[in-house]
Amino acid sequence: MASAHLEALSSRHRLIDGEIASEMRRPVPDSARLRRLKREKLRLKDEIARNS
């Protein structure tokens, strides 16, 4: 069970990383969206560390 949860967290972390990269490639990145994505990515990273 914990392994499946960690995999789901890691998958979401990777997805957000891709969204951040995509936003950065835009001519004018949305700074508010980037801030939200980065905050969520950090929250996921912390949760992954706690559950590892």
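Predicted model: local features only at pLDDT ≥ 70, side-chain atom pairs only at ≥ 80, totals over all residues.
The classes rest on relative accessible area, with buried under 20%, exposed over 50% and partly exposed in between, for a 1.4 Å probe and protein chains only. Residues are numbered from 1 along each chain as its sequence is written, and side-chain values use heavy atoms, with hydrogens and water left out.

Pro29 lies in the loop between α1 and α2, where helices (H or I, at least four residues) are DSSP runs numbered from the N terminus. Leaving aside neighbours within four places in sequence, Pro29 is in contact (heavy atoms within 4.5 Å) with Glu23, Met24 and Leu34. The C-alpha atoms of Pro29 and Asp17 are separated by 15 Å, the two residues being 12 apart along the chain.

## Packing of the two helices

Two packed helices are described by the angle between their axes and the distance between the axes. Helix α1 spans residues 2-25 and helix α2 residues 31-51, and their axes come within 9 Å and cross at roughly 155°; the axes are lines fitted to C-alpha atoms over the stretch in contact, with angles running from 0 to 180 degrees between N-to-C directions. The pair α1 and α2 is therefore roughly antiparallel, a class that takes angles over 145 degrees.

The crossing of α1 and α2 is left-handed, that is, the near helix is turned anticlockwise from the far one by less than a right angle. Residues making the contact include His5, Arg12, Asp17 and Glu23 of α1 and Arg33, Lys41, Glu47 and Asn51 of α2. The residues of this contact divide into 9 nonpolar, 4 polar and 10 charged, with Asp, Glu, Lys and Arg counted as charged, Ala, Val, Leu, Ile, Met, Phe, Trp, Tyr, Cys and Pro as nonpolar, and the others as polar.

## The nonpolar core and Leu37

The largest nonpolar core has 8 residues, namely Leu6, Leu9, Ile16, Ile20, Leu34, Leu37, Leu44 and Ile48, and the elements that give two or more residues to this core are α1 and α2. Such a core is a set of buried Ala, Val, Leu, Ile, Met, Phe, Trp, Tyr and Cys residues joined through side-chain atoms within 4.5 Å.

Leu37, found in helix α2, counts as buried because its relative accessibility is 8%. Residues up to four places away in sequence not being counted, Leu37 touches Ile16, Glu19 and Ile20. Leu37 and Ser11 are 26 residues apart in sequence and 14 Å apart in space, C-alpha to C-alpha.

Key
Parallel < 35°, antiparallel > 145°, perpendicular 65-115°, else oblique.
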